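Let's take a walk through this one, starting with an open space and then moving along the helices around it. Keep the viewer open as you read.

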Amino acid sequence: MGKIAFVFAGQGAQKPGMGKEIAEISKTAAEVLKRADEVRPGTVAQCFEAPQEELSMTKNTQPCVYTVDFEMAAVLAEKGIRADMVAGYSLGELAALAYSGVLTFEEGLRLVEKRGKLMQQASEEYDTGMVAVLKLANEKVEQLCEKYDSVFPVNFNCAGQVSVAGDKKQLQGFIADAKEAGGLVRILEVSGGFHSPFMKKAAEGFAEVLKESHIDEPVIPVYSNRTSGPYGGTEEETRQLLVEQISNPIRWQKLIENMIDMGVDTFVEVGPGTALTKMIRRISKDITMLHVDDGESLAETVERIKNNE
């Protein structure tokens with residue numbers, strides 16, 4: 001077996017009851033959730049009991065998904081499985097940084113809570129939305145976006161899958177253009193135009209928040225959404241990348257390709273859902289893709305990794 005990478009789920013992966021089953025079978029998981037409630041009271045109740053509508057509010061989504069992401073990684077550590085390098089999708093990048101020791105779990109949760117509130121506030125200032133465009137070359141999507149001054153390609157997930165953020169009125173024209181070009185367009189259930197210039201105010205606010213945070217060097221490499229390469233280790237660079245990530249595109253395909261080039265042949269998606277699993281399988285057919293978000297997937301992942309050691 002080559003190297004193992006953990007990839008931490010991001011916003012959009014949330015679902016009612018997430019994290020509950022694992023917490024019932026693992027004391028380590030239960031302890032992570034207890035720590036989360038000490039920082040942000042009510043987090044566990046939201047993860048376990050809140051309806052989808054409440055969970056999908058950005059100010060709730062981000063701390064809840066962060067907590068469950070970290071919970072799953074902690075359970076894998078309990079089973080003796082650790083990552084050689086990590087990455088996280090958008091919000092998940094903070095969970096990856098906490099796993100790598102750049103932030104404590106508690107400090108990461110405080111930052112995520114503030115990040116979620118800032119991004120929700122920014123999204124409420126504009127009438128924006130997001131769509132996923134499939135079946136078109138990424139370059140073609142970029143070309144179509146250039147026709148509009150308030151439509152931006154923001155998430156380069158894999159070949160033939162790009163998320164686009166924009167003003168809702170202009171998005172209607174973009175959608176028509178994409179369909180005419182042969183693309184398949186899906187409207188994303190999000191509350192704002194994330195990773196675009198519409199998030200500039202949130203990024204500026206987060207920069208102020210980060211000034212008071214203690215940041216350490218990563219124990220293992222953490223790959224950045226902004227650069228697709230590893231964080232360099234300096235406090236200033238870490239802060240700058242976290243700020244820029246909020247209002248700039250995610251280069252996920254390139255990030256995963258870079259990790260594969262560094263010897264990763266097994267990816268484990270940690271956190272709710274399997275969205276990243278599906279993306280990464282489209283990026284490479286030559287890797288093993290596993291995930292952990294419940295008891296069954298945990299058992300399968302542990303067995304398959306340990307049997308290949």
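One bit of bookkeeping before we start: Ala, Val, Leu, Ile, Met, Phe, Trp, Tyr, Cys and Pro count as nonpolar, Asp, Glu, Lys and Arg count as charged, and the others, Gly among them, count as polar. Also keep in mind that what you are looking at is a predicted model.

With that in hand, go to the largest pocket, which holds about 780 Å³ of space. Its lining is made up of 33 residues, and the closest to the pocket's centre are Gln11, Gly12, Leu188, Ala275 and Met279. Sorted by class, the lining comes out as 14 nonpolar, 13 polar and six charged residues. Where do the elements come in? Those that give two or more residues to this lining are α7, β3 (128-134), β4 (151-158), β5 (161-167), β6 (184-188) and α13 (275-283). Of these, α13 gives the most, with four residues.

Now pick up α7 from that list and follow it out to its helical partners. Two packed helices are described by the angle between their axes and the distance between the axes. Helix α5 (residues 58-78) packs against α7 (residues 105-124) at about 155°, and their axes lie 7 Å apart. Angles over 145 degrees count as roughly antiparallel, so α5 is roughly antiparallel to α7. The two make a right-handed crossing. On the α5 side the contact involves Thr58, Lys59, Gln62, Pro63, Tyr66, Thr67 and Phe70, while α7 brings residues including Phe105, Leu109, Val112, Arg115 and Met119. The residues of this contact split into seven nonpolar, six polar and three charged.

α7 has another partner, helix α10 (residues 200-210), with an angle of about 155° again and the axes 9 Å apart. That angle is why α7 and α10 are also roughly antiparallel to each other. Their crossing is right-handed too. Here Leu111, Lys114, Arg115, Leu118, Met119 and Ala122 of α7 meet Ala202, Gly205, Phe206, Val209 and Leu210 of α10. The make-up of this contact is eight nonpolar residues, one polar and two charged.

Lys200, Ala202, Ala203, Phe206, Ala207 and Leu210 of α10 meet Arg239, Leu242, Val243, Ile246 and Ser247 of α11. By class, that contact has eight nonpolar, one polar and two charged residues.

Key: Residues numbered from 1 in each chain as written. Predicted model: local features only at pLDDT ≥ 70, side-chain atom pairs only at ≥ 80, totals over all residues. Heavy atoms only, no water. Axes fitted to C-alpha atoms, helices over the stretch in contact; angles between N-to-C directions. Parallel < 35°, antiparallel > 145°, perpendicular 65-115°, else oblique. Left-handed = near helix turned anticlockwise from the far one by under 90°. Contact = heavy atoms within 4.5 Å. 1 Å grid on protein atoms, 1.4 Å probe; cavity = no way out; pocket = protein on both sides within 12 Å on 5 of 7 lines; lining within 4 Å. Points joined across faces, edges and corners; volume = space filled by probe spheres on them.
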